[in-house]
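Thanks, everyone. I will go through one model this morning and keep to what can be read from the coordinates.

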Amino acid sequence: MVASGSNDKILIRERAGVPQAYAAYEQTHVNLADERLGAKVVAASDEWYAPAQRLLDPAQPNYYYHDDEGMRYVDGWETSRRRAAGHEWCVIGLGRPGELAAVGIDTRFFTGNYPLAVSIEGCALDGGAPLEEAVWRPLLPITPAAGDTPALHPLERTGRITHIRLNMHPDGGMARLRVFGKIDGTSTLAEGELADLAALENGACVLGCSDSHFGSVNALIAPGPSVAWGKGWESRRKRTPGHDWAVIALATPGRIEQALVDTKYYTGNFPAGFSLQGACAADVPPALILNEAMHWPELLDRQALQGGSEHLVPLPEHAQRIVTHVRLNIYPDGGVTRLRLFGRPARGA
C-alpha cells in the first residue's frame, strides 16, 4: 500500500475545512480511524485504483495525490468495477479500542464512481487474535450513499470495538472515513505509571473552550509534536477584560505531577502566561462542567510563557490531588501548540 505521510504527496484541487456535518463530533469525540493514532487497513477485497489506507488520512481530501515516485492516485479508496455478485470491503484496525458514536462517510470528488450504499460491522479482537476469529456484528445497516458529499451517521450503543469492516455496495470509491468515539483508556494506562493523562491517544478529550478562532482546540492534545505553523489552538486577539481557556477531560482520574505547555510556531502571538485549575467531576454533565470550571481550585498558579518554546513546570505537592478534569487558562489570549499533563492514574481512589 502507498504510505500517506506528510511528505509523500502533492495535493491537487484541495478542498479545505472540516465538514459542517462533523463539527459537533469533532469537538466532543475522537476519530478512532485516524492513522496518527495507529489506525490501519489490515485487509481489503480490492484496491485497483487507490489504496484503502487513504481513507484514514486526517487531512481533507483532494482530487488526486502523487507519491514519491510520481504515481498518481485518486485521493481515497477506489475499487475496480465489480462484474459479479457481492460487494467490496476493507477491514480497519482502529487506532485505539473504544465505544463508537458516529461514522463519517465522505465521498468528496467521487461523482460517477461512488458506491450505491455502504454498511459497517464491528468486532472486539484483542491479544493479537487472528482476523479469522472475528465475530462481526452490524453497526450501520446498508445505507444509501451520495456522491461528492460528506455524510454523518450516528450509531446506537456499540460496546467496545477494536476493528470495523467497511462495506461498499457493490463497488466504487470514497475519499475519507471518520469513526467518532470515546477511547477506552483502561487499555492504554496502567495504574500508578507516569503517563500523559491529557493525551488524546490515551482517551482524553477537550470539552470546550472560550475561543478557537485561528486553530482547533483539539490540537492541544493531539498525538506527537506539531509539524507546521497554525496547527495548534489559537484564540483571536482579546479586546475585553478576561482571558481565554480550555477544559480537558482526562483519560482517567489521576494525580498530575508536571505540565508541559508548548508554544512552538507561536512567536508573536503566544500567551503571556498560563495557569491550571482542576477538579474531580466524573459524574457531572459536560455543560455543567464548563460552567463550573472557572471556580475550580488552582493546581498551578500563573506561569510566564515565551514564544516558540517548551515549558515544563512541576506542580507543587499540595496540588497533586486526584482530578478528572483540568482547565487551562491562557493570559490574555494567543496560541498554544500542545498541552501535556504528566501524572499517575488513580482509578480506584
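I will start with the cysteines. Taking a disulfide as a pair of cysteine sulfur atoms within 2.5 Å, the count for this structure is 0 disulfides. Cys123 is buried, at a relative accessible area of 2%, whereas Cys280 is exposed, at 55%. For those words, buried means under 20% relative accessible area, exposed means over 50%, and partly exposed is in between, with a 1.4 Å probe and protein chains only.

Some ground rules. This is a predicted model, so local features need pLDDT of at least 70 and side-chain atom pairs count only at pLDDT 80 or more, while totals for chains, interfaces and linings use all residues. Residues are numbered from 1 along each chain as its sequence is written, and side-chain values use heavy atoms, with hydrogens and water left out.

On confidence: pLDDT is the predictor's confidence in each residue, from 0 to 100. The protein averages a pLDDT of 89, and 90% of the residues score at least 70. Over residues 1-16, though, the pLDDT is below 50, and this stretch still has 42 contacts in the model beyond near neighbours in sequence. A contact here means heavy atoms within 4.5 Å. Where pLDDT is low, the predicted coordinates should not be read in detail.

Now the overall picture. The protein has 2 helices and 22 strands; these are DSSP runs numbered from the N terminus, helices being H or I with at least four residues and strands being E with at least two. Of its 349 residues, 54% count as buried. Among contacts with a separation of 6 or more, residues 24 or more positions apart account for 80%. The accessible surface is about 15,800 Å², and carbon and sulfur atoms make up 52% of that. Accessible areas come from the Shrake-Rupley method with a 1.4 Å probe, and for residues only the protein chains shown count as cover.

Leu312 in E19 is the bridge partner of Leu260.

Next, the aromatic rings. Rings of Phe, Tyr and Trp (its six-membered ring) pair if their centres lie within 6.5 Å; planes under 30 degrees apart count as stacked, over 60 as edge-to-face and the rest as tilted. That rule gives 3 aromatic pairs. Why is the pair of Tyr22 and Phe180 edge-to-face? The ring centres are 5.7 Å apart and the planes stand at 70°, so the pair falls in that class. Tyr22 sits in the segment before helix H1 (23-28) and Phe180 in strand E12 (residues 176-183), so the pair links parts of the chain 158 residues apart. Both Tyr22 and Phe180 are buried. Ring pairs also bring in Tyr25, giving a cluster of Tyr22, Tyr25 and Phe180.

Then the loops. Ala59 lies between strand E2 (40-44) and strand E3 (64-66) and is partly exposed, at 31%. Leaving aside neighbours within four places in sequence, Ala59 is in contact with Arg176 and Arg178. Arg36, in the loop between strand E1 (30-31) and E2, touches Pro58 and Pro223, not counting residues up to four places away. Arg36 and Gly95 are 59 residues apart in sequence and 7.7 Å apart, C-alpha to C-alpha.

Last, the backbone. Which peptide bond has omega of about -10°? The one joining His169 and Pro170, which is cis; Pro170 is in the loop between strand E10 (160-169) and strand E11 (173-174). The bond from Tyr331 to Pro332 is also cis, with omega near -20°, and Pro332 is in the loop between strand E20 (322-331) and strand E21 (335-336).

Asp148 has a positive phi, near 55°, in a residue other than glycine. Asp148 is in the loop between strand E8 (137-144) and strand E9 (150-154) and is partly exposed, at 31%. Tyr265 has a positive phi near 75°, lies in the loop between E16 and strand E17 (273-279), and is partly exposed, at 29%.

Notes
Pairing = 2+ DSSP bridges.
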